[in-house]
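User: I'm new to this one and would like to learn how to read it. Could you walk me through a few features?

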Amino acid sequence: MQRHLLIGSGLGLLALGAALGTDEDRPDRFRQLHDLLPTPNAQRAASGAPGHQYWQQQVDYQIDVTLDEANHRIVGSERIAYQNNSPDTLTYLWVQLDPNLLAPDSHAVLTSLAPELEEMSFGQLESMLVRQAFDGGCKITRVDDLAGQGLDHTITDTMMRVDLPAPLLSGQSYHFTIDWSYEVNDAKKIRARTGFEHFEKDGNDLYEIAQWFPRMCAYTDYAGWQNKQFLGSGEFTLEFGDYTVSITAPDDHVVASTGVLQNPDEVLKPEWKQRLQDAESAVEAQFIVTPAEALANESNESSGTKTWTFFAKNVRDFAWASSRKFIWDAVLHPVEGGEPVWAMSYYPNEGEPLWSRYSTHSIQHTLDVYSKHTFPYPYPVAISVNGPIGGMEYPMICFNGPRPEEDGTYSKRTKYGLISVIIHEVGHNWFPMIVNSDERQWTWMDEGLNTFCQFLAEQEWEEDYPSRRGEARNIVSYMASENQVPIMTNSESILQFGNNAYGKPATALNVLRETVMGRELFDFAFKEYSNRWRFRRPEPADLFRTLEDASAVDLDWFWRSWFFTTDAVDHSVNSIQLYHLDTQDPEREKAEQREARDQEPSSPTIDRNQDITRRSDHFKDLLDFYNEYDPLAVTEKDRKSYAKLLEDLDDDERELLELKTNFHVIEIEDHGGIPMPIILKLTWRTSGTEIRRIPAQVWRNNAPLIRVLVMHESDTLARVELDPLLETADVERANNVWPREIEELKIKLTDRPDRKNPMQAAAAAARGDDDEDSSSEDDSDG
């Protein structure tokens, strides 16, 4: 539509760029988050930084554990040193008994919903039956003080309360001991974050052991004891401390673990120690235990045990793996800004040739990229272990599942699945192993941030890396779906877990980096958050506030829309109006109007009435002045009025009347509820294309419609496209373009199968034609 722009006294361009709509039903999407975030205090500052009175507890462990391979059993004894750094007096302590998740009467089992029973595999049925009967619960045999006196304790599902003999005052510490045991689950039958894998062909086992020891609940400034029961989805909220762990395993096992090995001379063969020394100066990983040695070790029969002792400083958890099947490779990798790190992988021959080619490289790459975007990796070792657990993370060690086929070949999906899962699980060392968020409450705070950093690392691996999550276009179908809850939902109540806790927050951060804030501001603010909260426990408000504090970008509208609602991005180009300046010269303006009038199409009625005889043809007196009058003819009065106008204008105003600029008003409507920056691809009729970006604050008046002004000195728009680079996760592409385009689809033709009725099928079977199609419409289910 073309229109004239009339310039008059005091009018200017006041209407252009305005927000349209009524005041009714306008949610204030740009109001600050004061109603949703906790009030800042001495522990957590308004800037998002730890407050001047921030505190957290410390828990140190000394653990002796034995792996009973014959009975797939863990037997352990631990001494816990609990330091009360809070300002509060404690009368009891809460301990997590995570193995109780696998007890048959656990809340996780009792609250499990019925699966789809119409059709299931043999393996699914076996797993369901085993899960109901298997008792992998933690058997507590002793809870004593250091004098050997028993402590009153109460077990409730996955939690145990230990009643203290005297109040534990602020600044005091308390030491006590726990003995326990439990049966390790067969990870192929009972899916969990821990377990063993049995290899039928050689009769050996591979153990990945996690959530294996009674460990202290976190006591926090924002929630007191975090003792929500472990139901399976919400992971772990833990305290930092120092660990000394002695692992007794069969003497032909190789053990990988959190921490640094303290007794290499007692457990490592001389050639292994020499190879480790050689790997210190290597660029790529070197075999410490070779594939041939691991294969030969599979046929050994253990005659005794060895005890591997590890020490880990300032970690929040501890995990380990053990098997006689392990190949072991390692390299000492330099980390910019930090100390060199041992990057190591442990895997059976079943992982070859995929694992020796990609695992340790993936660790090294993760160390480089994550350290660049956050802080240098602070631990001395980073380990990836192949076993039955598909992907799980712990300080300095992670478990990863992808393997090639038995013949050594592998698919593209398996290759990139392995690289990505290792990047992801090693990356968890930063989130939440160091930036120690509350996983039991907020899955997204570690999974979402880690998935975002994983995306950054994947894109630095190779060109066109097939990342599953991170790009806005990959989250569109989820954003458009109905069956979802906000990101800010407790871990156990999430719907579409992967999209909600991994994909959407990772995409949100990438949108901030690429579209809302820009890389420079975002990267600085994200690194600031990471450094502020390393070895501390942040809450969501600390992230939200830090990214604003360090960038001077108001993001409350973004957090509110993306994290607190299930709204979507759906912006529509409704119309474009083209304005030319009204010169008020009657010769030019009325000539244009006459031309437009003459170009109007005739009507069928007028065309078909050309030959009829009209009354005025017989009575000429019926025709008067108005039958000859043309309102678009220029009169002398028009000319005098224009001359008077020019006389009253100064030179600058007369020059404005001659302006040839084209003014385009683009009307954009928000259908989805999330305000986002307006990114316009403008295609001009003769001047090519350009992209213009308008900040999200263009929606700050909260109207459903906005009108955006686009000017050009000489050219006019031929086409406008919203979000041309697919960077805002707009869920409806069809309304992003003006003028609208025809949607092109394809018709796929298929042959009708040769279906037989039951009589034909019986006759074919009698002839022995069993491979013929015996399905029929008569006996189908629908």
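Analyst: Y629 has 44% relative accessibility, so Y629 counts as partly exposed. Keep in mind that this is a predicted model, where local features need pLDDT of at least 70, side-chain atom pairs count only at pLDDT 80 or more, and totals for chains, interfaces and linings use all residues. Residues are numbered from 1 along each chain as its sequence is written, and side-chain values use heavy atoms, with hydrogens and water left out.

User: Which residues form a nonpolar patch on the surface with Y629?

Analyst: A patch joins residues with over 30% relative accessible area and no salt bridge: nonpolar side chains (Val, Leu, Ile, Met, Phe, Trp, Tyr) within 5 Å, like charges within 9 Å. Here Y629 teams up with F625 and Y626, and together they have about 400 Å² of accessible area, by the Shrake-Rupley method with a 1.4 Å probe. You'll find Y629 in the loop between α16 (615–618) and α17.

User: How do I read a helix label, and is α7 mostly covered or uncovered?

Analyst: Helices (H or I, at least four residues) and strands (E, at least two) are DSSP runs, numbered from the N terminus. In α7, 13 of the 16 residues are buried. To check the length, take 1.5 Å times one less than the number of residues. For residues 412–427 that gives 22 Å, and the end C-alpha atoms are 22 Å apart, so the two agree.

User: What counts as a salt bridge, and how many does the structure hold?

Analyst: Side chains of opposite charge can pair when their charged atoms come close. The rule is a side-chain nitrogen of Lys or Arg within 4 Å of a carboxyl oxygen of Asp or Glu. The structure holds 45 of them. Take R537 and E239: their closest N and O atoms are 3.3 Å apart. R537 sits in the loop between α11 (519–532) and α12 (540–549) and E239 in the loop between β14 (224–225) and β15 (241–250), so this pair ties together parts 298 residues apart in sequence. Both R537 and E239 are buried.

How values were computed:
Buried < 20%, exposed > 50% of the residue type's maximum accessible area, 1.4 Å probe, protein only.
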